[in-house]
Amino acid sequence: MPKDTITIFDTTLRDGEQSPGCSMNTAEKLEVANALVELGVDVIEAGFPIASPGDFEAVQLVSQQFGDRAIICGLARCRAEDIDRAWAALEDAERRRLHVFLATSSIHREFKLKMDKSDIVRSAVDMVSRAAGYCEDVEFSPEDAARTELDFLCEVVEKTIDAGATTINIPDTVGYATPAQFGSVFEHLRKHVSNIDRAVLSAHCHNDLGLAVANSLAAVQAGARQLECTINGLGERAGNAALEELVMALGTRSDYYQCPTNINTAKLFPTSRLVSNITGMKVQRNKAIVGQNAFAHEAGIHQHGMLQERTTYEIMKPEDVGYVGRNLVLGKHSGRHAFRDRVNELGYALDDTVFQSVFDDFISLADKKKEIYDSDIAALIDNRIGDSLSHWQLVSLHTSAGTGTIPTATIELQCEDEEIRRDAATGDGPVDAVFRTLDRITDIEARLEEYEVRSVSKGKDAQGEVLVEIVVSGRHYHGKGISTDIIEASAFAYLKAINKAFADVTAVADLQSAPSDT
Ligand code: KIV
Ligand code: ZN
C-alpha cells in the first residue's frame, strides 16, 4: 500500500463494547467482525482476552474466522499472564497483533498504579519484549499519553521501540487534548525520539470534549499513520473517534491530507446500522455521515441549489457512504431480481436463507403498503439479521384493548426444538399486556428500561420501528422490531431482547439460581 495510506484500526469490539449497555455476545461480535472485514478495516481489535472467558472466546473465534482477511489484535496489560492469554487467543489468526498498554501520566502513576517513572519504563520494556518474543507485530500504548510529560513520553516510546514495539499508539484516554496541542505531541515525538522511524505512529482519541475526530486528523497532519476508532463513535463515556467520520474526512479532503484509506465507504451506512442494532445504541438523526438526516435538504434555497448543481450544497454523495434514504424504490410488482439488486446496492451481503426471509417479509409488506422505501428494506433486513440465533419465535399474537375493556394479550411462541407454548395476560395497555405475556411464557423476569416507537418511512401506512431496552439479572439487553402494527413490532422487539438475555449464559445461570420471588 502507498506509504501514506492510513491504517484503520477498529476497536468497536473492545473499546466500543466497553460503553455502558453495549456489551455484545460472541455471535454478535462475529457478525460485527464480518462487517468490519467487508468494510475493509486493516486491524480489528477483537477484545481483551484476559478480561473474561467470553472475551477470550470472542478473540479466538474472530481470529479463526477472519484472521486471514485483517490483522486481529488482542489487548493486554503489562502483565505476563495478560500477554500469554492474549497470544493464546490469537493463535489461529494468520495475521495478528499483540497490543500492550501501561499508563504513563503522573496522575495514573501516582494514584492508579503507585509506580514511579523507572518502574513504568521497566515494566513496559519487559512486557513489550515478552510480546515481541511471540509476535512480530507489537503495539504499545502509553495510556493517558496526552497528559504525560513530553520528555517522559519520549523516553518510554524510545525504549519500547527498542524492546520491539512496531506501532506506538498515543491515546488521549480521557479526551483532554485539543487539535493543535495533540498534533504537537506527535511532532515532538518525531523530533526527539531517535528510533521513531522504526515504528508506525498511531492516534487513539476519546470524545469527551467532542474533539476526537479533530484531534485524530491533527495527528495525521503531524505524522500519525494509524487511526484507532469505532463504528458510530461507540466507546467509554462520550465514545471514541468515529470511524466513518475519519474515513470520510480523509477521503473528501484528500486534496489536503493526501492520506487514503482501504475502506470501502459504501459499506459505512450498513455497518453503522448493524452496530446500532446489535448494541441498541441509537445513531442521532443529525450525526455526520450515518445519521438519517445527514443528506436531507429541507430548506427551499438548498433544494433549489441542489437541483441546479448537486455540489452547491453537498460535499459527499449519499451513495458513496451507502446512505439509505427515503427514496421510493420498489412496489408490489418488483420481482426477486430487482429486490436482490436493491439489497446489494444498499451494501448488504445476505446469505440465501436470510435473503429468502427478507424477501418473504417484503412481499407481505407490499400487500399492506403501496410504496416501499430504501429505509423499509433496511429495516426488514435489520429485523432478520441474527434470527437464526433466536431461542423463541413469535407464532401468533392476539390483543384486545379499548375504552372500558381490560387490555389482554394472548401469545403463542415456538421454543427451539420444542412444542409451541401459549399464555395470556392482562396489562395497563396492550403493549404492557404483550410484555407480561412474553415474561410468563419465557419465564424470564425483565424490567423494561426504555421503550421508543418511530416511523421507518413516510405516510400513514409506514412501518413502525420499536426499540426496547430491558434489564435481566442486572444486565441490559436491546431489541428492535418492525411492523406496520406497532403492537406486533413491540412484541418482536421485546422478544429479541429476551432472546439475547436467554443466549447470555451468565444471565441464564443467574436466572436459574435466583430465588423464585425475585
Ligand atoms: O483509551 C485508552 O487509553 C485505551 C488504551 C487501552 C489504548 O483504550
Ligand atoms: Zn480508549
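I looked at the helix pair first, and found that helix 5 passes helix 6 in a right-handed crossing (the near helix is turned clockwise from the far one by less than a right angle). Helices here are DSSP runs of H or I with at least four residues, strands are runs of E with at least two, and both are numbered from the N terminus.

I noted the basis: this is a predicted model, where local features need pLDDT of at least 70 and side-chain atom pairs pLDDT 80 or more, while totals for chains, interfaces and linings use all residues. Residues are numbered from 1 along each chain as written, chains are lettered from A and ligands numbered from 1 in the order written, and side-chain values use heavy atoms without hydrogens or water.

I then took the geometry: the axes of helix 5 (residues 117–134) and helix 6 (residues 150–163) come within 8 Å and cross at roughly 25°. Helix 5 is therefore roughly parallel to helix 6 (angles under 35 degrees). Axes are lines fitted to C-alpha atoms over the stretch in contact, with angles from 0 to 180 degrees between N-to-C directions.

I turned to ligand 1. Its shell (heavy atoms within 4 Å) includes R14, D15, H99 and E143. Strand 4 (96–103), strand 5 (138–143) and strand 6 (167–172) each supply at least two shell residues.

I checked polar contacts (N or O pairs within 3.5 Å). A polar side-chain atom of T173 lies 2.6 Å from a ligand 1 oxygen. For the side chain of H206, the distance from an N or O atom to a ligand 1 oxygen is 3.0 Å.

Note on methods. Polar contact = N/O pair within 3.5 Å; in protein donor to acceptor, adjacent residues only side chain to side chain. Parallel < 35°, antiparallel > 145°, perpendicular 65-115°, else oblique.
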